[in-house]
Amino acid sequence: MQIILYLSVAVIAIAFLVLVIYLAKILSSLQVTLTSVSTTLVGLEKQLDGVTRETTELLHKTNALAEDIQHKSESLNNVVDAVKEVGDSVRTFNGSIQNITSSVNTQVELNKDKMAQMISWGNVILELRDKYKKRKVEPVQTYTAEEPVPTKRRERGRS
């Protein structure tokens, strides 16, 4: 009976030894895996730092760009307001021109007869001036009874 007890203890000892060997292999393998994971995490941390820095720089550039766009938008608003004021001025000027045109047309309609009369008097004065110039330029001719007096055709119009 003691042999069985010794054999049992020996089997238990061998089983425990096998268990310890497998646990040692597993722990050794786990240590290699954890070392690899640790190295990967260190590399990932460095990459994450780089991404964080680039993101921060990009955020600063985006903020600067937004401020620039805001400033340019305000300047553009000033330009749009100035153009609107110019349009209002042009509209007012056109209204004034239309008022002047309508008053001139009214006066022309009211004084149409007087203007026609002035134009005809102007034509008469121009004809008289032309005749006066012709008389001044042409020498005076004397005719004898034997020569017939030439007849001139009268021409109307201005020169």
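This is a predicted model: local features need pLDDT of at least 70, side-chain atom pairs count only at pLDDT 80 or more; totals for chains, interfaces and linings use all residues.
Asp130 is buried, its relative accessible area being 14%. The chain has 2 helices and 0 strands. Its accessible surface comes to about 15,400 Å², and 64% of that area belongs to carbon and sulfur atoms.

Asp130 takes part in one of the 4 salt bridges in the structure. Its partner is Arg129, with 3.7 Å between the closest N and O atoms. Arg129 itself counts as partly exposed, at 40% relative accessibility, whereas Asp130 falls under the 20% limit for a buried residue.

Another salt bridge joins Lys72 and Asp68, whose closest N and O atoms are 3.3 Å apart. Both residues lie in helix H1, and because they are 4 residues apart there, about one helical turn separates them. Lys72 is exposed, with a relative accessible area of 52%, while Asp68 is partly exposed at 32%.

Glu109 and Lys112 form a further salt bridge, with their closest N and O atoms 3.6 Å apart. Here the acidic residue, Glu109, is exposed at 53% relative accessibility; Lys112 is partly exposed at 46%.

The surface also carries a nonpolar patch, formed by Phe93, Ile97, Ile100, Val104, Val108 and Met115. Together these residues have about 530 Å² of accessible area. Helix H1, which spans residues 2-110, supplies the largest share of the patch, 5 residues. Ile100 is one of the residues in this helix.

Terms used
Residues are numbered from 1 along each chain as its sequence is written. Side-chain values use heavy atoms; hydrogens and water are left out. Patches are made of residues with over 30% relative accessible area and no salt bridge: like charges are joined within 9 Å, nonpolar side chains (Val, Leu, Ile, Met, Phe, Trp, Tyr) within 5 Å. Accessible areas come from the Shrake-Rupley method with a 1.4 Å probe; for residues, only the protein chains shown count as cover. A salt bridge is a side-chain nitrogen of Lys or Arg within 4 Å of a carboxyl oxygen of Asp or Glu. Buried means under 20% relative accessible area, exposed over 50%, partly exposed in between (1.4 Å probe, protein chains only).
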